[in-house]
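The following note sets out numbered points for a colleague who is examining the two chains shown below. The remarks move from one chain to the contact between them and then to selected elements of the other chain.

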Amino acid sequence: MKIRTHEFRERSTQALDDGFVRGAIARANASFQASRAKAIGSMPDWEELRERGREIKHRALEELPRALEEFERQLLARGGHVHWCEDAVAARDTVLSIVRGVGAKLVTKSKSMVTEEIDLNAALEADGVRVVEGDLGEFIVQLARETPSHIIAPAIHKSRAEIARLLHEHIACPIDATIPEMTRAARAALRGDFLGAEVGISGGNFLVAETGTIVIVENEGNARLSTTVPPIHIAVVGIEKVVPRRRDLAVLLRLLCRSATGQSVSSYVSFISGPRTRAESDGPRELHVVLLDGGRSRIWANPRARASLQCIRCGACLNFCPVYERVGGHAYGWVYPGPIGAVITPHLIGVERAKDLPQASSLCGRCAEVCPVKIPLPDMLLDLRAESVESGGAGFGERLAIALLRRVASSSVLWRCALGCGRPLWRALRALGIAKRLPGPARRWSRARDLPRVETPSFRARWRATGGFREESS
Amino acid sequence: MSEYRERLLGFLKSRGAGGASALFAGEPSPAPSSRPAADSDLRRRFARELVAVGGEAIDLAAVDDPEAAVRERLARIGGGGVAIDADPAWGRVGLAVDEIAREAGLDVERVDGSTSAAALRDTALGLTIADAAIAEIGAIAQCARPFRPRSLSLVPPRHVVFVPADRLLPGLEDLFDGLSSGAPWAGGVDGFAAYFTWITGPSRTADIEKTLTIGIHGPGELTVFLLASGVDR
């Protein structure tokens, strides 16, 4: 996917002005949050389960080289192929050479963020291959020539009317169709492609070292179609997805589905450990797993960042993030939005190119609270901010402002003095109605905010008058 | 394999990982509270979970005339073709499904693993037996089998599954353990199933404005009959 992380400020500003997107994402988040709460409410040992999920992923990363070797050994023994790719170019070339090798002209794909990461569709299309996204949200986003804006809900930024127009234009669905009618129209339109595809491409939610298994979690059935009907199945998966044992999935699947959609399990979970066996005449005759590093080994080697590779891509940190909720996924400018995106994107594409992303957080900590594998996201955001400042990322104005604040805030005389001057100044700004148009660097802060009212008497005055905490008990 | 394989593994190992063989160390995680006890009412739990996700569960142990119950459900489809796989366990479920389906007004076609997905395109209903079922999540599990097309549970718009009583397992761990220990229901070559799928309710999506819609790429109707008796003993 084209990297536009350096445009975060412009794109988030645009998003804040888009009332529809803000409303849609706020509604989606409220619904995600409610479903998750309901799903984990019936599990008294949810916290224990999270801890076990964390342990499993932590151990898998500790033993990463052995886990990958074992995965490969198992899959090769059952006739699969494993390709090790350093970066997006290598992964793309690997997929292209497999597709070219069989002269395929039609490829169906199931939802995969890693294939967005390596910009696979564009590469296949440039090669004359028709690529059909099977997941409804991905299909919609593909028709609109956009990119997914959420890890598990790709088209969450689009309205029903926009989607109706797209489906009307591309698959002749009636413009006034209801959502179930649109869904049926997409089913009918995609059926022929699913049954005629020569290659199916998927991602993978987990790889199991012990059994050489690719695990795919989905609700629609498109991943099952893409991985069972075409004679060739290619799974593109990041190296961090490997877990040691098949039984570990009992913990991880419970965590993933509840955290993602609030289901106790998704409609379909497929476990693929090889191509069709000799006894079968059904299923892919070739199975390729494309293992992508793409910067993950660099994250792995950084002890303070490694835990970010525990991520199981449930999207819960997005669904609970006040910043993501207001700016939407596209503002982040690359594949992974939200808190996890703000952490892994700088590591994957370079801190320099994505230095604004770690700033896109209020550090409220909800992301870490809901993360099913307990990734300390706020700590990691702070690390990235520190790194950015140390490498000269903070401008002169910012450094001056912080130096001033440090001076003022560490002296009670200066602090009282600043508050004393600030109150009338603040009132004047509001009274003059120029609060939305503060000059200079303050403009960026003020343009999308209403200045709060100055309370009288002030907090400090009330504190003195009531004797502080005693107010409540009196 | 490839030059990058050696470089990556070399790099990871040089950073101190992979020395000890701790990959499979440690006790497997105990099952959490969501897994029902083995001696609890697994049939009721299974049915509750499946119904909660929009599936239909019919306990044949609780009806007077199982044959009539199946016939009545199949008749509701209102005709069309039914594809039934060549599972040898059909001989042990105690129901003449071909005959019941015909009486319900359906055209019966027997299929096996050589039947293509495209051949099932106009089939109204796929009829199968579950290799296993998981009460905790209301799921049925099916391995790839020479006698059953992988797409039989996927391409037709309806799927009706029979779950033998001895294949209903309490939780997720029981399924993985059964697969590892070569339980009688686990298919595959040399006791290893290279492909299996869990199915929990009908195909669904909420990709348009988060509105739940049933039946996108897979079947929009999933009906599970819990059989009163087992087939593996």
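1. Of the 233 residues in chain B, 54% count as buried. The model is a predicted one, and the remarks below should be read accordingly. The secondary structure of chain B amounts to five helices and 12 strands, and its C-alpha atoms fill a box of roughly 70 × 45 × 40 Å along the principal axes. Among contacts in chain B with a separation of 6 or more, 77% join residues 24 or more positions apart.

2. The open sheet of chain B. Six strands of chain B make up an open sheet in the order 1-12-7-4-2-3, with parallel pairing. Strand 1 (56-59) and strand 3 (106-110) of chain B each have a single partner strand, so they stand at the edges and one side of each lacks a neighbour in the sheet. From one strand to the next the twist averages 20 degrees. Helix 2 (residues 42-52) of chain B packs on this sheet, where it touches strand 1 and strand 12 (221-226) of chain B. The direction of helix 2 makes about 160 degrees with that of strand 1 of chain B.

3. Strand 2 (residues 80-84) of chain B pairs with strand 3 of chain B in the parallel sense, over five bridges. Within this pairing, Val82(B) stands opposite Val108(B).

4. The nonpolar core. Which residues touch the most other members of the largest nonpolar core? They are Ala133(B) and Val163(B), in a core of 197 residues. Helix 12 of chain A gives the most to this core, with nine residues. Apart from neighbours within four places in sequence, Val163(B) is in contact with Ala130(B), Ala133(B), Ile140(B), Leu168(B), Val224(B), Phe225(B), Leu226(B) and Leu227(B). As general background, nonpolar side chains tend to be buried together in soluble globular proteins.

5. Helix 12 of chain A. This helix covers residues 248-260 and has 13 residues. From its first C-alpha to its last, helix 12 of chain A reaches 18 Å, close to the 18 Å expected at 1.5 Å a residue. Helix 12 of chain A is mostly covered, since 13 of its 13 residues are buried. Gly262(A), with a positive phi near 80 degrees, follows helix 12 of chain A.

6. The contact between the chains. Chain B brings 60 residues to the contact and chain A brings 77 residues. On the side of chain B that touches chain A, helix 1, helix 5 (172-180), strand 9 (195-199) and strand 10 (204-205) of chain B each supply at least two residues. Helix 1 of chain B provides the largest share of that side, seven residues. By class, the side of chain B that touches chain A comprises 31 nonpolar, 18 polar and 11 charged residues.

7. Helix against helix across the contact. The axes of helix 4 (residues 64-77) of chain A and helix 1 (residues 3-14) of chain B come within 8 Å and cross at roughly 145 degrees. Leu64(A), Pro65(A) and Glu69(A) meet Leu9(B), Leu12(B) and Lys13(B) there.

8. Strand against strand across the contact. Strand 9 (residues 268-272) of chain A and strand 9 of chain B pair in the antiparallel sense, over five bridges. Ile272(A) stands opposite Tyr195(B).

9. Strand 7 of chain A. Is strand 7 (residues 232-238) of chain A largely enclosed or open? Seven of its seven residues are buried, so strand 7 of chain A is largely enclosed by the rest of the structure. Ile232(A), Ile234(A), Val236(A) and Gly238(A) lie on one side and His233(A), Ala235(A) and Val237(A) on the other, and all are buried. Strand 7 of chain A pairs in the parallel sense with strand 4 (residues 199-202) of chain A over four bridges, and Ser202(A) has Ala235(A) as its bridge partner. Seven bridges join strand 7 of chain A to strand 10 (residues 286-292) of chain A, again parallel, with Val237(A) opposite Leu291(A).

10. Asp193(A). This residue lies in helix 10 (residues 179-196) of chain A. Asp193(A) counts as partly exposed because it has 17 C-beta neighbours inside 10 Å. Not counting residues up to four places away in sequence, Asp193(A) touches Leu106(A), Thr108(A) and Val132(A).

Methods:
Residues numbered from 1 in each chain as written. Chains lettered and ligands numbered in written order. Expected span 1.5 Å × (residues − 1). Buried ≥ 20, exposed ≤ 12 C-beta atoms within 10 Å, placed from the backbone. Axes fitted to C-alpha atoms, helices over the stretch in contact; angles between N-to-C directions. Contact = placed C-beta atoms within 7 Å. Core = buried A, V, L, I, M, F, W, Y, C linked by C-beta atoms within 7 Å. Pairing = 2+ DSSP bridges. Nonpolar A, V, L, I, M, F, W, Y, C, P; charged D, E, K, R; others polar.
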